[in-house]
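Visitor: I would like a short tour of this model, by question and answer. Where should we begin?

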Amino acid sequence: MKKRRVGLMGGTFDPIHLGHLLAAERALEAGGLDEVRFMPAHLPPHKSAPPAAAPEHRRAMVELAIAGNGKFALEPIELDRGGRSYAADTAAALAAREPDAQWYWIVGGDMAMYLPKWNRIRELAERVRFLAMTRPGYPADLGRLPEWLRDRVTAADMPALDISSTAIRRRLAEGRSVRYVVPEAVERYIREKGLYRHADAHDA
Ligand code: ATP
Ligand code: MG
């Protein structure tokens with residue numbers, strides 16, 4: 001039987017934005033995936049500061065953003081596990097839970113070149129393949145990756161969207177518009193909960 005091809009869109013989603021959604025949509029196509037799961041990290045290992053918004057808010061915004069897309073789902077495994085969200089732990093747990101799936105870890109260009117530094121990357125790369133989506137400002141020269149890893153990474157194009165959660169948080173703190181940059185329902189949620197009103201806010 002053909003293995004189910006599952007994409008994992010990992011991220012902090014602080015907040016989720018159109019760049020994440022388009023990356024996932026194009027990854028579906030590029031990887032011939034059956035579904036993409038959006039997987040908020042509890043604590044991203046590569047960031048020194050904790051996320052600005054609490055896990056339940058980041059999760060709720062993801063759910064609002066993907067509602068209505070039958071191929072998108074939430075994967076709460078890293079939020080449920082707590083602690084630092086090491087991809088290698090996640091991939092091992094997913095493989096044990098769903099041995100019949102083939103896993104595709106979706107990353108933007110910034111993360112793709114950083115892969116050699118990921119914790120236990122060799123173990124991770126044995127369990128998953130990577131789909132590296134173009135991201136403006138981060139030219140991904142996959143040829144520079146070590147060969148054993150290069151073979152596990154596929155580059156995929158998407159229209160350049162120069163959008164980041166960092167820039168969105170900054171805009172919100174300055175009282176500027178984030179319309180058409182995050183889904184409408186996400187913007188409404190941010191306003192309702194009063195998230196990101198201060199530049200350095202944590203757990204708003
Ligand atoms: P922050 O500025 O807080 O780091 P971010 O916009 O980079 O936020 P993350 O949650 O860190 O969002 O990213 C999750 C994943 O989505 C990463 O693999 C990242 O490379 C990818 N990604 C984020 N924004 C884009 C974008 N505009 N185009 C392509 N990939 C993106
Ligand atoms: Mg980022």
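Guide: Helices (H or I, at least four residues) and strands (E, at least two) are DSSP runs, numbered from the N terminus. This is a predicted model: local features need pLDDT of at least 70, side-chain atom pairs count only at pLDDT 80 or more, and totals for chains, interfaces and linings use all residues. Residues are numbered from 1 along each chain as its sequence is written, chains are lettered from A and ligands numbered from 1 in the order in which they are written, and side-chain values use heavy atoms, with hydrogens and water left out.

Visitor: Which elements each supply at least two residues of the shell around ligand 1?
Guide: A residue is near the ligand if one of its heavy atoms lies within 4 Å of it. Ligand 1 is surrounded by 22 residues. Those supplying at least two each are β1 (4–11), α1 (18–30), β4 (101–108), α5 (109–112) and α8 (165–173).

Visitor: How many charged residues does the shell around ligand 1 have?
Guide: Ala, Val, Leu, Ile, Met, Phe, Trp, Tyr, Cys and Pro count as nonpolar, Asp, Glu, Lys and Arg as charged, and the others, Gly among them, as polar. The shell has seven nonpolar and 11 polar residues. Its charged residues number four.

Visitor: What share of the accessible area of ligand 1 does the protein cover?
Guide: Start with the polar side-chain atoms, taking a polar contact as a pair of N or O atoms within 3.5 Å; within protein, one must be able to donate a hydrogen and the other to accept it, and residues adjacent in sequence count only if both atoms are side-chain atoms. Distances to an oxygen atom of ligand 1 are 2.8 Å for His17, 2.9 Å for His20 and 3.0 Å for Arg135. Of the 600 Å² that ligand 1 has on its own, the protein covers 92%.

Visitor: Which peptide bond is cis, with omega near 5°?
Guide: Most residues other than glycine have a negative phi, and most peptide bonds are trans. Look in the loop between β1 and α1, where Pro15 lies. The cis bond runs from Asp14 to Pro15.

Visitor: Is Phe13 buried or exposed?
Guide: Phe13 lies in the loop between β1 and α1. Its phi is positive, about 50°, although it is not a glycine. Buried means under 20% relative accessible area, exposed over 50%, partly exposed in between (1.4 Å probe, protein chains only). At 1%, Phe13 is buried.

Visitor: And Tyr180: buried or exposed?
Guide: Tyr180 sits in the loop between α8 and α9 (184–193). Its phi is also positive, near 70°. With 63% relative accessibility, Tyr180 is exposed.

Visitor: How far apart are the end C-alpha atoms of α1?
Guide: The expected span of a helix is 1.5 Å times one less than its number of residues. For the 13 residues of α1 that gives 18 Å. The model agrees: the ends are 18 Å apart.

Visitor: Which side chain does Glu35 join in a polar contact of 3.0 Å?
Guide: Glu35 is in strand β2 (residues 35–40). Glu35 is buried at 11% relative accessible area. Contact means heavy atoms within 4.5 Å. Not counting residues up to four places away in sequence, Glu35 touches several residues, including Val6, Leu28 and Lys71. The polar contact is with Arg4.

Visitor: What distance separates the C-alpha atoms of Lys3 and Pro99?
Guide: Lys3 lies in the segment before β1 and is partly exposed, at 41%. Pro99 is among the residues that Lys3 touches. They are 96 residues apart along the chain, yet their C-alpha atoms are separated by 9.4 Å.

Technical notes: Areas by Shrake-Rupley, 256 points an atom, 1.4 Å probe, with all protein chains shown as cover.
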